[in-house]
Amino acid sequence: MLEEGDILLLRHGESEGNAANRLNEDGEQSSHSELYATRHSYHLRLSLKGCEQALSTNRWLAKNNVSPDNFVVSEYTRAKETAYLIGLPNALWTADRHLIERDWGKLERLTPSERWRLYGPELRARSVEPFYWRPDGGETMEEVCARVKMFLLELVLRKPRAKTIVVCHGEVMWAFRIVLENLSVKTFADIHLLPDSHRKIWNCQMLHYTWHSPSGMAQTTKGLWCRTIRPTVEPALVTEWKEIKPVSYTNEQLLAEVALHPRHFGEN
């Protein structure tokens with residue numbers, strides 16, 4: 001399942017914050033405010049549904065003989081609880097603050113309806129350029145990517161051949177995708193505008209990256225492949241391997257990219 005140099009990214013199970021958002025969508029306004037009244041997002045546990053999702057992941061990992069030798073988890077409580085519940089034998093986890101969830105600043109404690117009421121123009125601006133957009137007092141996706149790059153650099157320097165599992169968060173997994181797959185700002189924006197079901201990273205969803213040609217694929221000396229695993233649906237969803245190819249541009253393609261943005265001032 002895992003080869004030397006592989007990395008398996010796992011989003012935590014449904015958190016109390018995720019559950020509060022679901023209740024909010026059903027008209028229960030108070031649960032969200034009560035949840036954040038005395039706690040930072042750092043301290044939120046898994047919901048009962050999230051615990052069951054983690055246990056489903058436990059069963060899938062065991063059935064498929066997943067045996068990492070390097071175990072890394074976000075410092076956030078919900079990630080640590082997920083790491084415990086997936087039950088990997090003989091695991092010794094390193095908690096890494098590079099992997100904590102994106103900081104949403106003043107939006108963190110607000111319900112979705114409150115966010116739109118108080119920050120409507122700013123949220124609409126996010127659709128214009130989501131990569132560089134900053135929530136009030138929070139992080140841009142570019143800054144989350146910088147944390148992920150630092151994590152990957154340290155991983156390469158310290159454990160380049162490790163079979164690594166990382167338990168983290170949805171936005172952090174998007175940052176991994178941007179960095180490892182070299183997604184452009186435009187590509188990320190295009191994905192951001194897709195319907196939720198096409199771009200969402202689900203609770204306990206996994207992204208498996210390998211630098212070794214998977215079985216059945218053309219064998220090459222260098223390369224990167226990725227597949228998606230959702231162990232919480234029945235039957236479990238496991239996509240085909242997709243080769244991540246380097247992104248490069250000819251001079252003409254660069255000009256075509258430039259032409260997408262008309263010049264504001266005319267020629268003198």
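What volume does the second largest pocket have? About 420 Å³, in what is, please keep in mind, a predicted model.

1. **The second largest pocket.** There are 22 residues lining this pocket, and those closest to its centre are Arg 177, His 198, Gln 205, Leu 207 and Thr 228. Helices α7 and α9 and strand β6 (225-230) each contribute at least two lining residues. Strand β6 gives the most, with four residues. If you sort the lining by class, you get nine nonpolar, five polar and eight charged residues.

2. Which helix supplies the largest share of the lining of the largest pocket? That is α5, with six residues. At least two lining residues come from each of α1 (16-25), α2 (30-36), α3 (48-63), α5 (112-128), α7, α8 (185-192) and α9 (196-199).

3. **Packing of α6 on α7.** How do helix α6 (residues 141-158) and helix α7 (residues 170-180) cross? Their axes come within 9 Å, at an angle of roughly 70°. Since angles of 65 to 115 degrees count as roughly perpendicular, α6 is therefore roughly perpendicular to α7.

4. **Side by side at that crossing.** On the α6 side the contact involves Met 141, Val 144, Cys 145, Val 148, Lys 149, Phe 151 and Leu 152. They meet Glu 171, Val 172, Trp 174, Ala 175, Phe 176, Ile 178, Val 179 and Leu 180 of α7. The contact residues divide into 13 nonpolar and two charged, with no polar ones.

5. **Overall build.** The protein chain has ten helices and eight strands. Its radius of gyration is 20 Å, close to the 18 Å that the globule rule gives for 268 residues, so the chain is as compact as a globular protein of that length. Along the principal axes, the C-alpha trace spans about 70 × 55 × 35 Å.

6. **A cis peptide bond.** If you plan to check omega angles, look at the bond from Glu 234 to Pro 235: it is cis, with omega near -5°. Pro 235 sits in the loop between β6 and β7 (237-238). Strand β6 is also the one that gives the most to the lining of the second largest pocket.

7. **A positive phi.** Where does Asn 65 lie? It is in the loop between α3 and β2 (70-74). Asn 65 has phi near 55°, a positive value in a residue other than glycine.

Definitions and conventions
Residues numbered from 1 in each chain as written. Predicted model: local features only at pLDDT ≥ 70, side-chain atom pairs only at ≥ 80, totals over all residues. Heavy atoms only, no water. Axes fitted to C-alpha atoms, helices over the stretch in contact; angles between N-to-C directions. Parallel < 35°, antiparallel > 145°, perpendicular 65-115°, else oblique. Contact = heavy atoms within 4.5 Å. Nonpolar A, V, L, I, M, F, W, Y, C, P; charged D, E, K, R; others polar. 1 Å grid on protein atoms, 1.4 Å probe; cavity = no way out; pocket = protein on both sides within 12 Å on 5 of 7 lines; lining within 4 Å. Points joined across faces, edges and corners; volume = space filled by probe spheres on them. Rg over C-alpha atoms; globule rule 2.2 N^0.38 Å.
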